[in-house]
Amino acid sequence: MDLNSTVALVTGGASGLGRATTERLLAAGAQVVMVDLNAEVGQQVASELGSSAHFVSADVTNEEQVQAAVDMATGLGQLRVVVNCAGVATPGKLVSRKGPLALDAFSKVLSINVVGTVNVCRLAAAAMQAQENVGEERGVIVNTASVAAFDGQIGQIAYSASKGAIASVTLPMARELASSQIRVVTIAPGIFETPMMAGLPEEAQESLAKSIPHPSRLGKPAEYAQLVESIVANPMLNGETIRLDGAIRMAPK
C-alpha cells in the first residue's frame with residue numbers, strides 16, 4: 001500500500017513508539033492523526049511535526065472520544081492505516097508483601113491495553129469498510145503486544161495477560177476482516193528506548209541491554225516504526241504476531 005496521500009491514525013502517537021511511527025508515516029506522505037491523553041504534549045508534538053500531523057486528545061477506552069478521532073481521520077481523506085501504541089505496564093505480583101494483587105489495578109491494565117485496543121480496532125475497521133478498496137486492500141491495522149505475552153516476568157501478571165490477549169486476537173481479527181480486504185498484524189517489541197525505560201537508572205538500562213543477544217542494546221523506536229511501514233507495504237503480512245526483540249527471551253525477573 002502506498003502511504004502517499006492516505007490517512008493514518010496512531011494511538012499513543014505523541015511519545016515513544018507512537019511518536020516514532022507518526023514521524024515515519026508522515027515522511028512516507030501520510031496525514032497522521034495522533035491520539036493521546038495529554039493534550040498539551042500532543043498539541044506541541046503536532047505543531048513540531050508540521051501541517052500533516054493532527055492531534056486528538058482521547059482515552060482509548062472511551063467510545064465517543066475514539067469515534068471523534070476516527071471521524072477526524074476520515075474527514076482528512078481515506079483512513080488506510082491504524083497503529084495502536086497506547087498502553088500501560090503497571091507492575092504487580094499476584095501476591096506481594098502487601099497482600100493479593102488489587103483487582104482494580106489488574107482491571108485497569110486490561111481495560112487500557114485490551115479494551116482500548118479493541119475499541120480503536122472496531123471503530124476504525126468500520127470506517128475502513130465504508131471506503132473503496134485500493135487494488136487488493138482497504139486498510140491495515142497494526143497492534144502492539146510485547147515479548148511479555150510469551151516470556152512474562154514475575155510482577156507482570158496484568159501486563160502479560162493484556163499483551164497475550166492482543167497476540168491472541170490477531171488471527172481472529174485478520175480472519176474476520178479478510179473479506180473486507182483489511183489486514184491485521186501485531187508487533188511484539190522487546191526492550192526499547194521509551195519514556196518508561198528512560199525513567200530507570202542508567203545501570204539498570206545497561207543491564208537490560210546486555211541481556212539482548214544481538215544487537216546487544218535497547219531497541220530504538222525508529223526500528224519499531226520501520227517495521228510498521230514494512231507491514232503496511234507487504235500485502236502478504238497478515239494474521240501474525242512478529243517479535244521485534246534482538247532474540248531476547250526474558251528471564252523470570
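**Helix α4 and beyond**

Modeller: α4 has 27 residues, and its first and last C-alpha atoms are 37 Å apart, close to the 39 Å expected at 1.5 Å a residue. That expected span is 1.5 Å times one less than the number of residues. Helices here are DSSP runs of H or I with at least four residues, strands are runs of E with at least two, and both are numbered from the N terminus. At S111, α4 bends by about 35 degrees, the bend being the angle between axes fitted to the seven residues ending there and the seven starting there.

This is a predicted model, in which local features need pLDDT of at least 70 and side-chain atom pairs count only at pLDDT 80 or more, while totals for chains, interfaces and linings use all residues. Residues are numbered from 1 along each chain as its sequence is written, and side-chain values use heavy atoms, with hydrogens and water left out.

The loop between α4 (103–129) and β7 (139–144) holds E137. The side chain of E137 forms a salt bridge with that of R183, at 2.5 Å from N to O; the term means a side-chain nitrogen of Lys or Arg within 4 Å of a carboxyl oxygen of Asp or Glu. R183 belongs to strand β8 (residues 182–189), so the pair links distant parts of the chain, 46 residues apart. Both ends are buried (under 20% relative accessible area, with exposed over 50% and partly exposed in between, for a 1.4 Å probe and protein chains only): E137 has a relative accessibility of 6%, and R183 has 4%.

The structure holds 10 salt bridges. Side chains of opposite charge can pair when their charged atoms come close. Another of the pairs joins E193 to K220, with 4.0 Å between the closest N and O atoms. E193 is in the loop between β8 and α6 (195–198), and K220 is in the loop between α7 (202–210) and α8 (221–233), so this bridge ties together parts that are 27 residues apart in sequence. E193 is partly exposed at 39%, as is K220 at 37%. E223 and R217 also form a salt bridge, their closest N and O atoms being 2.6 Å apart. E223 is partly exposed at 26%, and R217 is partly exposed at 30%.

As for the cysteines, a search of the whole structure finds 0 disulfides, a disulfide being a pair of cysteine sulfur atoms within 2.5 Å. C85 is in none, and the nearest cysteine sulfur to its own is that of C121, 12 Å away. C85 is buried at 18% relative accessible area, and C121 is buried at 4%.

Finally, the record: UniProt lists residues 6–194 as "domain: Ketoreductase" in an unreviewed entry. UniProt positions are in the numbering used here, feature names are shortened, and annotations may be inferred rather than shown by experiment. Over residues 6–194 the chain is 45% helix and 21% strand, with 27 Å between the end C-alpha atoms. T6 sits in the segment before β1 (7–11) and is buried, with a relative accessible area of 9%. Leaving aside neighbours within four places in sequence, T6 is in contact (heavy atoms within 4.5 Å) with G29, A30, Q31, Q78 and R80.
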